[in-house]
Amino acid sequence: MLTAVTANAQVATINQNFDNFTAGNTTFPQIGWSAVVASPTNSFPPVPPRMIVAADTNSNNKYIQSYAGNNPTSPSYLITPQIVVPAGDKTLSFAATAVDPYTSPATIQVGVASNPADMSTFVAVGSPVTITGPGTVQNISVPIPASTGSYLVFKFTPTIAHTAIQIDNVVYDTTSVLGISDAAKSKEEIKFAVNSDDTALQFITKKDPRNIQIYSAVGQQVAEGKLSDRKFDISTLQAGVYFILIETAEGTAVKSKFIKK
């Protein structure tokens, strides 16, 4: 199912909490945002997938919920307004959680696209993030590299029918990174530093991170992987400043930077 797309002027940044959206099950496009929703299956009862603007009963806080309906595996996509072509100097951050009672793990994959109605143009940025819950809000940050795609996309992929995942507080703006000495302030207590011969990042952490991504100063991903003996290999990187995005064992994201000499 494809929604219609309305042309809008390109925006340089995004700061959207969805509180000014109209709630409902079929409310896209609106305010420059659009959706490409998975098709329903032939399963009975016929419950189609939906991209929903929902609201808390008590606070009236609104958020976007991707509901899988009776399609247990096909992804749905939420697309931002058209942005100025990314130059690699901004980060996309948002809050995500599973919705009770549909709590089977699902993933959110951030990407860029050149056509908001054609997800064959979707290009992934970083790795899919597993969303669990309910009641656990995961704050996710993804550096957006330089790209020709002019739409940011959230790809929601369920694991069973009726999975529901929501996002809120979407911010796309200039990268704000922690210094190495500030990384210890994370509640996950992650510390790291470049070793003496500039070949590896040495970590001190109670639990190994799920994943590590390293980006160049212009936003290009140059390395990704996991720790080996509490170390991350950077021997192939050229000298320079790098940004690092650490997905902790608890599922949150920690941003930092380091210099390889």
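Q: Which residue in the turn between strand 18 and strand 19 has a positive phi?
A: In this predicted model, local features need pLDDT of at least 70 and side-chain atom pairs count only at pLDDT 80 or more, while totals for chains, interfaces and linings use all residues. Residues are numbered from 1 along each chain as its sequence is written, and side-chain values use heavy atoms, with hydrogens and water left out. Strand 18 and strand 19 make a hairpin with five residues between them, and the turn residue with a positive phi of about 95° is G251.

Q: Which residue of strand 19 is the bridge partner of I244?
A: Two strands pair if DSSP finds at least two bridges between them. Strand 18 (240-247) and strand 19 (residues 253-260) run antiparallel and are joined by eight bridges. Within this pairing, I244 has as its bridge partner S256.

Q: Which residue of strand 18 is the bridge partner of Q213?
A: Strand 18 also runs antiparallel to strand 15, with six bridges joining the two. Here the bridge partner of Q213 is L245.

Q: What is the volume of the largest cavity?
A: Rolling a probe the size of a water molecule over the atoms shows where empty space is left. On a 1 Å grid over the protein atoms alone, a cavity is a set of points where a 1.4 Å probe fits but cannot get out, and lining residues have an atom within 4 Å of a point. Grid points are joined across faces, edges and corners, and a volume is the space filled by probe spheres set on the points. By this rule there are five cavities of 30 Å³ or more, and the largest has a volume of about 150 Å³.

Q: Which residues are closest to the centre of the largest cavity?
A: Strand 10 (138-144), strand 15 (211-216) and strand 18 each supply at least two residues of the lining. Of the 16 lining residues, the closest to the centre are V129, S141, Q213, L245 and E247.

Q: How many residues of the lining of the largest cavity are charged?
A: Ala, Val, Leu, Ile, Met, Phe, Trp, Tyr, Cys and Pro count as nonpolar, Asp, Glu, Lys and Arg as charged, and the others, Gly among them, as polar. The lining holds eight nonpolar residues and seven polar ones, and the number of charged residues is one.

Q: Is P143 buried or exposed?
A: P143 lies in strand 10. Not counting residues up to four places away in sequence, P143 touches K90, T91, V125, Y215 and L245, where contact means heavy atoms within 4.5 Å. Buried means under 20% relative accessible area, exposed over 50%, and partly exposed in between (1.4 Å probe, protein chains only). P143 has a relative accessible area of 11%, so P143 is buried.

Q: Which residues touch the most other members of the largest nonpolar core?
A: A nonpolar core is a set of buried Ala, Val, Leu, Ile, Met, Phe, Trp, Tyr and Cys residues joined through side-chain atoms within 4.5 Å. In the largest core, with 34 residues, those that touch the most other members are F94, F154 and I167.

Q: How many residues of strand 4 are buried?
A: Both faces of strand 4 (residues 62-67) are covered, with K62, I64 and S66 on one side and Y63, Q65 and Y67 on the other. Strand 4 runs antiparallel to strand 3, with six bridges, and antiparallel to strand 12, with four bridges. Of its six residues, the number buried is six.

Q: Which residue makes a cis peptide bond with F28?
A: Look at the loop between strand 1 (14-16) and strand 2 (34-36), where P29 lies. The cis bond, with omega near 0°, runs from F28 to P29.

Q: Is D198 buried or exposed?
A: D198 lies in the loop between strand 13 (191-194) and strand 14 (200-204). Although D198 is not a glycine, its phi is positive, near 60°. Its relative accessible area is 17%, so D198 is buried.

Definitions and conventions
On a 1 Å grid over the protein atoms alone, a cavity is a set of points where a 1.4 Å probe fits but cannot get out, and a pocket is an open set with protein on both sides within 12 Å along at least five of seven lines; lining residues have an atom within 4 Å of a point.
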